[in-house]
Amino acid sequence: MKYICQSANLIESVFMVILLFFVSVRVFAQSDIMTFNEYEPISTLVVEEHLLTSAKFPFIDIHSHQPSMTDQDLDELIKNMDSLNMKIMINLSGRWGNYFQSNIDNIERKKLSNRIVVFSNIDFRNFGSDGWTEAWVEQIKIDHAKGAMGLKIFKELGMTHKDESGKRIQINDPRLGPIWEICGELGMPVLIHSGAPSSFWKPFDEKNERWLEMYTHKDRNYANTNLPLWEQIIQEQHDMFSKHPKTIFINAHLGWFGNNLEKLGQLLNDIPNMYVEFGAVIAELGRQPKTARQFFDRYQDRILFGKDSWVPAEYMTYFRVLETEDEYFPYHKKYHAFWRMYGMGLSDQILKKIYYKNALKILPGIDKTQFPD
Ligand SMILES: [Zn+2]
């Protein structure tokens, strides 16, 4: 009995020594390891840089969100817009009905109708019930009469919005046809965000370019969910554009083809009523300045300036990518781009189109005299 106990003690001691050995090896090895998020080397590259805090020309931001414009302090907003040389902000979060009207009231109270434009939205609840389509066609007419210059469709259409029977609403659902048609008749462009970066549908692993974003935003991991495939959503969107050629569509975020400008170019060729804006995807352009510059040369009449989230300090990245030939400069959100930016150095003629001329063309309600020729 005693012998057995001693032997058990011996085994236990040997095991402890081995364990301690591996633990100490691991601690030692970890001391020179850091996480991907911690690695932020300061570039030692010395090259010319242009830290642009305002745009070279007055510009229209076609993609902004001010969800509480109904009672917001607009003086503060205008001060920030002025510092950027933003002449007009398009607030895409206007909603509809009385709420929409309250946006306009606040803007008019401050006599800022020449600085802030609001797009209306629609509510997809009860989609498919009797009279839904007709009621929303009427609502769009009402909101347009109150000042809605365009309609914004959020990404939930095609992803999560369901009809009355619980089925996902396809972007090209024919029951939405009259909505797109009335926008065409009224001259209201439709800015539509469909889907998300295709990486969100790919495995969440070391090969995924959006790994950090999916790590910091767990709800952006769409692989193995019941969402439709990326290709399906995008295809529905293009099909819908083609079926309503008299309506102008602004495909948000470069239609998620910023990483494939050749394909985006083909789409612009095939769908003449489609425009694009680069909100939240300037890092795609900034990593391929030569290809992007050619794309801007070719499609200079179809691209609009958009930023999306309202963080005035982040506009500098946009101005630098568009205007300068700066090299290897940082992007402002590592989870969008762990890579560095390069400027395209666009000509004044193209910059003017991107900054305001193209937007003025599709939003005839804006007073053009505020902009240079
Ligand atoms: Zn947006």
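Predicted model: local features only at pLDDT ≥ 70, side-chain atom pairs only at ≥ 80, totals over all residues.
The chain contains twelve helices and eight strands. Its C-alpha trace spans about 95 × 60 × 45 Å along the principal axes. Of the 373 residues, 38% count as buried. Contacts between residues at least 6 apart in sequence were also examined. Of these contacts, 78% join residues at least 24 apart.

The strands β1, β2 and β3 form an open sheet, in that order. The pairing in this sheet is parallel. Strands β1 (59-64) and β3 (116-118) stand at the edges. Each has a single partner strand, so one side of each is left without a neighbour in the sheet. From one strand to the next, the twist averages 20°. Strand β2 covers residues 86-91 and pairs with β3 over three bridges, in the parallel sense. Within β2 and β3, isoleucine 90 stands opposite valine 117.

A further open sheet has five strands, in the order β4-β5-β6-β7-β8. Here too the pairing is parallel. The edge strands are β4 (151-153) and β8 (303-304), and each pairs on one side only. Strand β6 (residues 249-251) runs parallel to β7, and three bridges join the two. Phenylalanine 249 has methionine 274 of β7 as its bridge partner. On to β8, strand β7 pairs over two bridges, again in the parallel sense. In that pairing, valine 276 has isoleucine 303 of β8 as its bridge partner.

Strand β7 (residues 274-277) also shows how side chains are arranged along a strand. In a regular strand the side chains alternate between the two faces of the sheet. In β7, Met274 and Val276 point one way. Tyr275 and Glu277 point the other way. All four residues, Met274, Tyr275, Val276 and Glu277, are buried.

The packing of helices was examined next. Two packed helices are described by the angle between their axes and the distance between the axes. Helix α4 (residues 132-146) packs against helix α5 (residues 177-186) at an angle of about 25°. Their axes lie 9 Å apart. The angle falls under the 35 degrees that count as roughly parallel, and α4 and α5 are therefore roughly parallel to each other. The crossing of α4 past α5 is right-handed. On the α4 side, the contact is made by Thr133, Trp136, Val137, Ile140, Lys141 and His144. On the α5 side, Pro178, Ile179, Ile182, Cys183 and Leu186 take part. By class, the contact has eight nonpolar, two polar and one charged residues. The spacing of such residues can be read against helix geometry. An α-helix has 3.6 residues a turn, so residues three or four places apart point the same way.

Helix α11 (residues 315-323) is mostly covered. Eight of its nine residues are buried. These are Tyr315, Thr317, Tyr318, Phe319, Arg320, Val321, Leu322 and Glu323. The elements that cover the buried residues of α11 include helices α2 (74-84), α9 (282-286) and α12 (348-362).

In summary, the chain holds a three-stranded open sheet with parallel pairing and a five-stranded open sheet with parallel pairing. Among its helices, α4 and α5 pack with their axes 9 Å apart, and α11 is mostly covered.

Conventions. Residues numbered from 1 in each chain as written. Axes fitted to C-alpha atoms, helices over the stretch in contact; angles between N-to-C directions. Parallel < 35°, antiparallel > 145°, perpendicular 65-115°, else oblique. Left-handed = near helix turned anticlockwise from the far one by under 90°. Contact = placed C-beta atoms within 7 Å. Nonpolar A, V, L, I, M, F, W, Y, C, P; charged D, E, K, R; others polar. Buried ≥ 20, exposed ≤ 12 C-beta atoms within 10 Å, placed from the backbone. Pairing = 2+ DSSP bridges.
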